[in-house]
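Visitor: I have a structure to go through and would like to talk it over. Could you take my questions as they come?

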Amino acid sequence: KKKARQSCSLPESSWEERLANAVTPLWRLPYQDQLQVKYESQRKILQTLASHLEELGIDAQKPGGLCCPLQPVVPSPIINGYRNKSTFSVNRGPDGNPKTVGLYVGTGRERNIVCVKANHVENIPSKHKQVAQCYEEFICRSPLDSCILFHEGGHWRELVVRTTSCGHTMAIITFHPQELGQEALATQKTLLKEFFTCGPGAVCALTSLYFQESTMTRCSHEQSPFQLLHGAPHIFEELLGLKFRISPDAFFQVNTAGAEVLYQAVGELCQATGDTILLDICCGTGTIGLSLAHQVSKVIGVEVVEKAIEDAEWNAAFNGISNCEFHSGKAEAVLPQLLASWEDARPLVAVVNPSRAGLHYRVVRAIRNCRSIRRLLYISCKPEGEAMRNFLELCCPPDPRKKLAGEPFAPVLAVPFDMFPHTVHCELVLLFTR
């Protein structure tokens, strides 16, 4: 295994060091020490969950005050440059240049944001840094201003770079149109395309170049379509022997090699047999369900992002997988309908992989009230946040006032995965049964 850098080679308190400390706070520690730090933080989370369950009258204390056994943190196969997606901001740099492309030091609340180039940040691959550098060169040449505060005008905004192990690179540029007409917008799109196809940006060898006009902080494809300026509409990734199509805003685990390890473990923890039905909630492009489809009789995926469902359906067809069905819509709208009249006698295992906001209460309620679900895997990138609320809702005694009639779940095993080396974050897989 490669070791994380053990001595600091950045100038003390330089902007580069401050950014490294903000984005990758564990970057100085040898990798085994990073894993130990993460193990301790996951242990505290399970202790907190145990004490919350005790407050609900549930005897959940196991050895060490944990709610269930905690396995060691599973290491990432790749430690440096593992990110397959990076989001770069445009703002004032340390030298005052308002067209600096990088990552933030400081906060909006404190009004002390400085945008620092990310050339030295260890979890970002060199290809992403190259695209960011080229984008900065382009906007510095442009007569149009960067858009730092929407109401103050300006146009050039953030850059998203996505790469795959197949060697594909997608760049997505966000642009605030302000008062520009269609002709002026078309000119900017042409200039951008020319720069990245036959100008200095051609060194990036982009597979896809997208442009999104956005008057909001974040826009979905439905709110403001991603416009393909150059190349292929999708990039492709290979995972566990399957090929996956990725759209501009589709969710995909940020560490591909780590995701393979995670999904293999999920497959084992499901204990699925040939007649099992796998319910994949917040399924994204279908990666979990499709990678486990050969183990089960059927996969049912639910996902809010329409484009991700299109990708999931394409992925299933391309890989010759015919036992999957995918439902587009908010899980809290789709799942209660799906499970309310569930009469299939086959065993039903649920896997949930929500965003940091956790699951909507109606989703938890639908899972609780579906007697067929005896085994549930909750994958959380922030178990100390909103996911904690979900854990308690899954485990609390039945409550008629909250329409929680179903038998409670109990946590039986926790397995943390280091999907984010150099950061304090961890992906926790918590297995619940009843």
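Visitor: What area is buried between domain 1 and domain 2?

Guide: This is a predicted model. In it, about 590 Å² is buried between domain 1 and domain 2, and carbon and sulfur atoms give 58% of that area. On the side of domain 1 that touches domain 2, the residues divide into one nonpolar, three polar and four charged.

Visitor: Where do the two domains run?

Guide: The domain assignment places domain 1 at 85–238 and domain 2 at 255–433. Their C-alpha centres lie 33 Å apart.

Visitor: How many residues are in contact, and how many salt bridges are there between the domains?

Guide: Eight residues of domain 1 are in contact with nine residues of domain 2. The count of salt bridges between the two domains is zero, while one residue pair is in polar contact.

Visitor: And how many salt bridges does the count give overall?

Guide: The count comes to 14 salt bridges. One of the pairs is glutamate 17 with arginine 28, whose closest N and O atoms are 2.5 Å apart. Glutamate 17 is in helix H1 (residues 15–23), and arginine 28 is in the loop between H1 and helix H2 (31–55).

Visitor: Is glutamate 17 buried or exposed?

Guide: Glutamate 17 counts as buried because its relative accessibility is 3%, a value under 20%. Arginine 28 is partly exposed, at 30%.

Visitor: What about aspartate 311: which residue does its side chain meet in a salt bridge?

Guide: The partner of aspartate 311 is arginine 245, at 2.9 Å from N to O. Aspartate 311 belongs to helix H7 (residues 306–318) and arginine 245 to strand S9 (residues 242–246), so the pair ties together parts 66 residues apart in sequence. Both residues are buried.

Visitor: How far apart along helix H3 are glutamate 137 and arginine 141?

Guide: They are separated by about one helical turn, because they lie four residues apart in helix H3 (residues 126–141). Glutamate 137 is partly exposed at 32%, whereas arginine 141 is exposed at 55%.

Visitor: Changing topic, where is isoleucine 373 found?

Guide: Isoleucine 373 is found in strand S14 (residues 373–380), and it is buried, with a relative accessible area of 0%. Beyond its neighbours within four places in sequence, its contacts include Leu279, Leu339, Ile367 and Phe409. Alanine 350 is 23 residues away along the chain, yet the two C-alpha atoms are separated by 6.8 Å.

Notes:
Residues are numbered from 1 along each chain as its sequence is written. This is a predicted model: local features need pLDDT of at least 70, side-chain atom pairs count only at pLDDT 80 or more; totals for chains, interfaces and linings use all residues. Side-chain values use heavy atoms; hydrogens and water are left out. Domain bounds come from an automatic or database domain assignment. Contact means heavy atoms within 4.5 Å. Buried area is the accessible area (1.4 Å probe) that two parts lose on being put together, summed over both. A salt bridge is a side-chain nitrogen of Lys or Arg within 4 Å of a carboxyl oxygen of Asp or Glu. A polar contact is a pair of N or O atoms within 3.5 Å; within protein, one must be able to donate a hydrogen and the other to accept it, and residues adjacent in sequence count only if both atoms are side-chain atoms. Ala, Val, Leu, Ile, Met, Phe, Trp, Tyr, Cys and Pro count as nonpolar, Asp, Glu, Lys and Arg as charged, and the others, Gly among them, as polar. Helices (H or I, at least four residues) and strands (E, at least two) are DSSP runs, numbered from the N terminus. Buried means under 20% relative accessible area, exposed over 50%, partly exposed in between (1.4 Å probe, protein chains only).
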